[in-house]
Amino acid sequence: MESTGIQQLLAAEHEAQQIVNAARTAKMTRLKQAKEEAESEVSEHKTSTEQGFQRKLEATSGDSGANVKRLEQETNAKIEQLKNEASRISKDVVDMLLKNVTTVNN
């Protein structure tokens with residue numbers, strides 16, 4: 001009888017070990033699957049973020065070219081305005097300089 005009890009305990013221990021091993025295997029499989037899913041999500045997010053960055057970069061680069069052109073036009077217009085102003089008052093400046101240079105103060 002004792003031998004039957006020992007046999008039952010050994011069988012129960014063996015069955016319990018199989019259940020534990022099956023649970024470990026299922027846990028490892030699920031962890032591996034979760035890791036693969038996480039890596040996939042990270043990869044998708046990275047790709048999406050990179051594409052968004054590239055679109056924004058292209059958009060701002062285009063704006064940058066437009067801004068440079070606009071600034072060049074504004075600068076050229078300001079230069080022309082200053083040239084016109086200088087030519088308009090240059091005769092008055094020359095007359096004033098000549099008057100002050102030729103006038104002798106005692």
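Q: By about how many helical turns are D95 and K91 separated in helix 1?
A: This is a predicted model, in which local features need pLDDT of at least 70, side-chain atom pairs count only at pLDDT 80 or more, and totals for chains, interfaces and linings use all residues. Residues are numbered from 1 along each chain as its sequence is written, and side-chain values use heavy atoms, with hydrogens and water left out. Helices (H or I, at least four residues) and strands (E, at least two) are DSSP runs, numbered from the N terminus. D95 and K91 are four residues apart in helix 1, so the separation is about one helical turn.

Q: How far apart are the closest N and O atoms of D95 and K91?
A: A salt bridge needs a side-chain nitrogen of Lys or Arg within 4 Å of a carboxyl oxygen of Asp or Glu. D95 and K91 form one, and their closest N and O atoms are apart by 3.1 Å.

Q: Is K91 buried or exposed?
A: Buried means under 20% relative accessible area, exposed over 50%, and partly exposed in between (1.4 Å probe, protein chains only). K91 has a relative accessible area of 56%, so K91 is exposed.

Q: Which residue forms a salt bridge with R88?
A: The two partners lie three residues apart in helix 1 (residues 2-102), about one turn of the helix. R88 counts as exposed because its relative accessibility is 55%. With the closest N and O atoms 2.5 Å apart, the partner of R88 is E85.

Q: What is the relative accessibility of E85?
A: E85 is the salt-bridge partner of R88. E85 counts as partly exposed, because its relative accessibility is 38%.

Q: Which residue forms a salt bridge with E37?
A: E37 is partly exposed at 38% relative accessibility. The closest N and O atoms of the pair are 3.9 Å apart, and the partner is R30.

Q: How many salt bridges does a search of the whole structure find?
A: E37 with R30 is one of them. D95 with K91 is another. The search of the whole structure gives a count of four.

Q: What is the area of the nonpolar surface patch made by I89, V93, M96 and L97?
A: Patches are made of residues with over 30% relative accessible area and no salt bridge; like charges are joined within 9 Å, nonpolar side chains (Val, Leu, Ile, Met, Phe, Trp, Tyr) within 5 Å. I89 lies in helix 1 and is partly exposed at 33%. Accessible areas come from the Shrake-Rupley method with a 1.4 Å probe; for residues, only the protein chains shown count as cover. The patch comes to about 330 Å².

Q: What is the radius of gyration of the protein chain?
A: The chain has one helix and zero strands. Its C-alpha atoms fill a box of roughly 145 × 35 × 10 Å along the principal axes. The radius is taken over C-alpha atoms, and the globule rule is 2.2 Å times the number of residues to the power 0.38. A compact globule of 106 residues would be near 13 Å, but this chain has 44 Å.

Q: What percentage of the residues of the protein chain count as buried?
A: The accessible surface comes to about 9,900 Å², with 58% belonging to carbon and sulfur atoms. Of the 106 residues, the buried share is 0%.
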